[in-house]
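Subject: Structure handover

Hi,

Here is the structure I promised to pass on. My notes on what turned up follow below it.

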Amino acid sequence: MASFAIEDFVGNGSLQGLLPKLLEEGWDDVPTLKTMNADDMNELMTQRQKDALEIRSYLHNRALMQYADTFEESGKSLPELLKLTKVDLTTVYGMKRGHVARFTDRTTTSGGDALPEAYNLQASRRTALRNESLYKDISAVTSRKQTMTRSLGRTNTAYDVSLEQSMADFKIKDGHVFKGIVASMPDEPRACGCVQATPVIENVAPYSSIENISVQKLTPEYKIGTERLVKSKSPPMKASELWRDKPAVIICIRRPGCIMCRAEAHQLYAKKPIFDALGVQLFAVLHEQIEAEVKDFWPRYWGGVVLFDRSMEFYKSLGGGNLLKDKFISGFLFNPRAIANYKRAKSMGVEQNFRGEGEIKGGLYIVGRGKSGIAYQFIERNFGDWAPHAEVFEICHQLQNPQGSQLELPQSIQQQD
């Protein structure tokens with residue numbers, strides 16, 4: 001699985017010496033670096049470095065970074081590499097057959113959501129949104145810091161992906177009804193009906209159930225040169241401080257060593273530039289503090305802030321005051337949906353371990369700024385379920401433009417206590 005540590009991303013190639021300049025210019029994390037456009041490349045990079053960034057971005061999307069140094073050393077550009085035969089890829093570059101199929105597939109990422117059409121290398125350049133797009137008002141969305149006035153869209157010759165087009169491709173079709181709470185689809189019968197489905201509450205949690213939760217910061221947001229873990233123990237803080245100034249997406253991780261949890265976290269954090277454009281923060285919450293597990297999880301699978309919820313109050317709130325739990329045999333072995341989720345994560349090249357508690361279900365919250373309340377809540381009904389990204393982005397957009405969308409959010413967005 002592709003790491004979010006930028007030192008791992010640039011490897012030992014031509015981009016390595018460029019790290020101080022990238023930090024100075026604000027390209028200090030992997031998701032943002034991958035959105036660099038042609039103008040920004042021209043200001044900072046040689047042609048060799050441009051080719052290296054194209055190659056590494058493409059491989060990172062497909063969890064094939066183990067080939068990045070070899071491809072870069074070949075001196076070939078990404079279009080030239082994509083023209084190679086399968087025989088050349090396996091014999092010259094040592095690529096496994098299954099990885100060859102993933103490398104040559106230009107339409108989907110490795111086991112995650114389908115890529116927007118604009119990612120297709122053979123697609124014509126698309127730099128403007130459709131007029132009917134929900135996201136037409138962010139056509140000038142920009143990168144952080146000194147690049148705030150420049151488009152985040154990638155416009156290099158190999159493949160042109162605009163942030164606006166990517167967001168438009170997540171637009172939910174007309175007629176979609178937001179219920180405010182999602183728990184994937186209903187469970188299928190398990191073990192000939194002998195195993196009952198996990199009960200799921202029907203209402204979004206009241207804001208009061210999460211407002212005063214005590215959390216502890218385990219990691220900062222990852223940047224170039226950031227210490228891998230917080231050296232000094234951070235004091236506990238009230239959860240409401242997290243979203244005091246900006247809305248927040250909070251993903252509650254069931255177990256950081258779980259293959260499905262890691263895949264979910266990786267897929268969500270990979271879209272960080274979109275959340276940045278919408279002014280939304282990202283946080284991951286753990287209910288166990290196992291230092292070795294935190295080190296394995298961050299920043300490889302999640303480059304954002306990681307928090308520790310010692311009392312498991314975020315998890316209890318998902319279950320209406322009680323922890324949602326399931327056994328391995330009944331919740332996984334006898335559950336076709338959970339097995340399908342496992343296969344999806346496995347296809348992404350995610351590693352796993354079995355350390356820590358793994359029966360407590362996780363989920364996701366979207367919390368509005370200040371005391372505005374919980375806008376959206378997702379429950380992990382089956383092991384490995386994750387919130388639909390299209391709904392997550394649309395709710396975040398509603399929080400950014402509460403009068404510019406026709407979405408009907410749950411009452412808790414008005415601080416229903």
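Alanine 63 sits in the loop between helix H5 (47-61) and helix H6 (68-73). Its phi is positive, about 55°, although the residue is not a glycine. Alanine 63 is also buried, at 6% relative accessibility. Keep in mind that this is a predicted model.

Methionine 312 is another such case. Its phi is near 60°, again a positive value in a residue other than glycine. Methionine 312 is in the loop between S8 and helix H15 (313-318).

There is a cis peptide bond to look at as well. It runs from tryptophan 298 to proline 299, with omega near 5°. Proline 299 is placed in the loop between helix H14 (291-297) and strand S8 (305-308). For background, most residues other than glycine have a negative phi, and most peptide bonds are trans.

Overall picture

The protein has 417 residues, and 56% of them count as buried. It contains 18 helices and 10 strands. Take the contacts between residues at least 6 apart in sequence: 74% of these join residues at least 24 apart.

Confidence

Mean pLDDT for the protein is 80, and 74% of the residues reach 70 or more. Residues 111-162 have a pLDDT below 50. In the model, that stretch still has 142 contacts beyond near neighbours in sequence. Residues 404-417 are also below 50, with 37 contacts of this kind. Where pLDDT is low, the predicted coordinates should not be read in detail.

Salt bridges

How many salt bridges does a search of the whole structure find? The count is 19. Side chains of opposite charge can pair when their charged atoms come close.

Lysine 21 and glutamate 25 form one, at 3.9 Å from N to O. Both belong to helix H2 (residues 19-25). They are 4 residues apart there, so about one helical turn separates them. Lysine 21 is partly exposed, with a relative accessible area of 35%. Glutamate 25 counts as buried, at 15%.

Lysine 371 and glutamate 211 form another, with an N to O distance of 2.5 Å. Lysine 371 lies in the loop between strand S9 (363-367) and strand S10 (374-379), while glutamate 211 is in helix H11 (residues 208-211), so the pair ties together parts that are 160 residues apart in sequence. Lysine 371 is partly exposed, at 48% relative accessibility. Glutamate 211 is buried, with a relative accessible area of 13%.

Glutamate 221 pairs with lysine 223, and their closest N and O atoms are 3.3 Å apart. Which of these two residues is buried? Lysine 223 is, at 17% relative accessibility. Glutamate 221 is partly exposed, at 30%. Both residues also belong to a network of salt bridges, in which they are linked with Asp28, Asp29, Lys272 and Asp276.

Cavities

The whole structure has 5 cavities of 30 Å³ or more. I looked at the second largest cavity, which holds about 50 Å³ of space. Its lining consists of these residues:

- Ile251, Cys252, Ile253 and Arg254
- Cys261 and Glu264
- Gly362 and Gly363
- Phe378, Glu380 and Asp385

Strand S6 (248-252) and helix H12 (259-269) each supply at least two residues of that lining. By class, the lining has 5 nonpolar, 2 polar and 4 charged residues.

One more pair

Glycine 98 lies in helix H9 (residues 97-104). Is glycine 98 buried or exposed? It is exposed, because its relative accessible area is 51% and the cut-off for exposed is over 50%. Glycine 98 and serine 347 are 249 residues apart in sequence. In space, their C-alpha atoms are 9.8 Å apart.

Where to start

Treat residues 111-162 and 404-417 separately, given a pLDDT below 50 in both.

Best wishes

Terms used
Residues numbered from 1 in each chain as written. Heavy atoms only, no water. Salt bridge = Lys/Arg side-chain N within 4 Å of Asp/Glu carboxyl O. Buried < 20%, exposed > 50% of the residue type's maximum accessible area, 1.4 Å probe, protein only. pLDDT = per-residue confidence, 0-100. Contact = heavy atoms within 4.5 Å. 1 Å grid on protein atoms, 1.4 Å probe; cavity = no way out; pocket = protein on both sides within 12 Å on 5 of 7 lines; lining within 4 Å. Points joined across faces, edges and corners; volume = space filled by probe spheres on them. Nonpolar A, V, L, I, M, F, W, Y, C, P; charged D, E, K, R; others polar.
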